[in-house]
Amino acid sequence: MEDGEGRVGRADRKGRKVMAMLEVRNLRKEFGQLVAVKDLSFTLQPGDIFGYIGPNGAGKTTTLRMLATLLEPTSGTAIINGVDIVKEPEAARPLIGFMPDFFGLYEGITAYEYLAFFAEAYGIPPAERKQVIENVLELTDLTVKRDANVETLSRGMQQRLCLAKTLLHDPLLLLLDEPASGLDPRARAELKELLKEIGAMGKIVIVSSHILPELSDFCNKIGIIEKGDLLLWGDVETILRQLQPTKLLTIRCLDGAEKLSEWLNRQPEIVNTQIVNSTVQAQFVGDDEAQAELLRRLILDGHRIATFTETTMDLEDVFLRVTKGEVA
Amino acid sequence: MKPLWQRWVVENPVFRYHLLGQTRLTVARPLWQVLSVALPFVVIYFWLAYQVATNGLPALVITLEVFALWLLAPLMTHSLFAMEFEKATWDMLVLTRLTAGQIVMGKFLSRFVMLLVFASLFTPLLWLAANREFNDMASPLMVLWGLKVQWVIVSWAILVSAVTLWLSYHLRRGMVAAAASFAGQVFVLFILPIFWALFLTLLQIAGAPDPSYLRLETLGRFTWFFSWSWLPIVYNPIVAAVGLFEFRTSPNAPFLWGIWQGIVYLILAVAVLWALMASVAKATRKRLL
């Protein structure tokens with residue numbers, strides 16, 4: 001939907017027009033014969049944390065670099081809060097925070113001086129600079145390291161410092177390219193918490209990764225890219241529902257698996273059963289109500305149920321089902 | 001819009017970082033270590049001052065200054081962009097509000113200040129040498145001579161810095177490529193002129209006419225500008241600076257000798273810096289100034 005000023009908007013539930021904060025339109029990048037990114041289109045709203053998933057070489061970094069205005073698209077564009085990143089890159093940059101996969105730090109200065117350098121470079125007024133720096137240091141839990149030389153910080157702390165730098169100018173869109181790569185499990189967990197906090201601030205966060213468990217906890221939307229193609233994107237729950245029309249129930253009965261399997265096969269909601277070790281795995285079609293009803297009938301028919309669990313698909317299953325393992 | 005001076009120097013974190021932040025000692029060193037590094041230089045400096053005060057030798061001071069800046073100007077500048085590419089800080093710098101002019105001039109001016117500091121160290125030596133050597137010159141003329149010498153040498157060093165900065169950006173590689181470019185510059189600026197001088201000497205030994213650049217007055221006031229020897233004059237500030245020594249009292253000295261070479265160096269430096277700013281602005285889609 002486009003208004004008279006060429007800005008992209010959409011109607012909310014009450015019919016009021018709201019600005020789509022990020023709309024990517026047919027974004028494409030070619031390097032000679034190689035098409036690195038093929039006509040990507042998606043829309044994200046404030047507060048969305050978008051997990052951008054794909055194997056190495058799929059086009060994730062190219063997409064993020066285009067969105068960050070560091071790389072000019074071959075065709076297509078993206079609109080951030082009404083600003084076209086291709087036509088007005090300089091106007092778009094204050095709205096964007098980009099943390100590259102591989103980043104460096106200026107030598108010979110402290111964490112505070114590093115942030116002061118970028119605060120000035122981002123044009124933050126001198127009167128506000130100190131407070132802004134203190135705020136991002138606190139948010140990233142680096143206050144105690146403010147006077148430490150940047151080269152002496154651990155990889156995890158340098159990552160946080162880079163994130164603090166990215167947040168200095170209060171960007172609306174955060175682009176984080178493989179932010180957890182090279183971090184130990186504790187630093188990764190801390191980063192996850194930090195990203196959740198940033199998402200709660202109403203920013204759009206795009207996190208690219210090929211390590212799926214790290215995304216599954218805090219992303220509400222995902223996009224899967226392979227060979228430059230965005231194979232699917234949307235709400236995590238919707239995607240899971242689409243990809244998994246049947247639920248997988250794992251049931252263990254103290255009276256034996258074969259007897260239980262026979263009983264289950266007679267039920268209309270059960271599509272198929274399989275005995276794995278001493279448990280029965282049943283493919284079930286129905287909602288939560290039907291699932292509860294099945295359990296009730298099982299118990300009423302005298303089956304002694306020890307476990308009754310639903311095995312849901314995770315991002316890794318989604319990824320493996322959607323992709324073919326190809327690179328551009 | 002704020003004046004360029006304010007944007008390029010006063011409100012430019014790139015300028016301050018390269019001038020102060022990058023040069024800071026990151027690890028506190030004991031005083032004895034600092035002194036042991038600094039002391040030899042101090043001793044050499046005062047020994048040199050004593051020698052020129054006793055024996056004169058202005059041409060030696062000029063040559064030393066040119067050689068020092070020959071090495072220092074590219075050495076200080078060659079890594080300024082290469083370091084950004086090597087350490088992957090370039091993208092982060094591009095995303096800030098700094099203009100192409102602020103980035104380029106911030107880096108360049110930080111080195112310009114350092115060049116001025118280094119050049120100023122030679123001023124007392126020049127003055128001591130001139131005071132001993134030029135009995136035929138009044139004090140104001142001696143000061144003027146010293147200023148002209150510094151003008152030629154510093155403006156030439158500015159040109160070398162600008163070209164090195166241009167190379168550092170256009171190579172678009174890390175520190176290894178920058179080091180190779182530095183070595184190339186040392187060869188072109190330092191070793192090649194020595195070979196050239198050797199070649200000219202051999203020509204003279206073989207009986208060829210004297211090719212001295214300093215016989216230019218025979219070509220007339222402006223014709224030398226277009227002569228075959230113009231490029232080497234621009235290329236080599238020793239010829240221009242030593243020429244100042246030769247022409248100091250000559251009524252037939254070429255018009256604006258020394259001043260003109262400095263102007264040519266600076267015009268070329270401005271052109272190189274402008275081209276660099278335009279390249280950065282185009283590549284990063286940033287404002288030029």
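Mentor: Before we look at helix pairs: axes are lines fitted to C-alpha atoms, for helices over the stretch in contact, and angles run from 0 to 180 degrees between N-to-C directions. And keep in mind that this is a predicted model.

Trainee: Okay. What makes H3(A) roughly antiparallel to H2(B)?

Mentor: The axes of helix H3 (residues 111–121) of chain A and helix H2 (residues 13–21) of chain B cross at roughly 150 degrees, coming within 9 Å. Angles over 145 count as roughly antiparallel, so H3(A) gets that label against H2(B).

Trainee: Which residues make that contact?

Mentor: From H3(A) you have Glu113(A), Phe117(A), Glu120(A) and Ala121(A), and H2(B) brings Pro13(B), Tyr17(B) and Gly21(B). Sorted by class, that is 4 nonpolar, 1 polar and 2 charged residues. Gly counts as polar in this scheme.

Trainee: And how many residues does each chain put into the contact between A and B?

Mentor: Chain B gives 19 residues and chain A gives 25 residues. On the chain B side, H2 and helix H6 (90–94) are the elements that give two or more residues. That side has 7 nonpolar, 5 polar and 7 charged residues.

Trainee: Staying with chain B, how many helices and strands does it have?

Mentor: Chain B comes to 13 helices and 0 strands. Of its 289 residues, 37% are buried.

Trainee: How do you know that the span of H13(B) is close to the expected one?

Mentor: Compare the two values. Helix H13 (residues 259–284) of chain B has 26 residues and reaches 37 Å from its first C-alpha to its last, against 38 Å expected at 1.5 Å a residue. Its buried residues include Tyr265(B), Leu273(B) and Met277(B); to be called buried, a residue needs 20 or more other C-beta atoms within 10 Å of its own. Just after H13(B), Arg285(B) has a positive phi of about 55 degrees.

Trainee: Over to chain A: why are S8 and S12 called edge strands?

Mentor: Strand S8 (96–99) and strand S12 (229–235) of chain A each pair on one side only. The open sheet of 6 strands runs S8-S9-S10-S5-S11-S12 in chain A, with mixed pairing.

Trainee: What makes S5(A) and S10(A) a pair?

Mentor: Pairing takes at least two bridges, and 5 bridges join strand S5 (residues 49–53) of chain A to strand S10 (residues 204–209) of chain A. These strands run parallel. For one of the bridges, the partner of Ile49(A) in S10(A) is Val205(A).

Methods. Residues numbered from 1 in each chain as written. Chains lettered and ligands numbered in written order. Predicted model: local features only at pLDDT ≥ 70, side-chain atom pairs only at ≥ 80, totals over all residues. Helix = DSSP H or I, 4+ residues; strand = E, 2+ residues; numbered from the N terminus. Buried ≥ 20, exposed ≤ 12 C-beta atoms within 10 Å, placed from the backbone. Expected span 1.5 Å × (residues − 1). Parallel < 35°, antiparallel > 145°, perpendicular 65-115°, else oblique. Contact = placed C-beta atoms within 7 Å.
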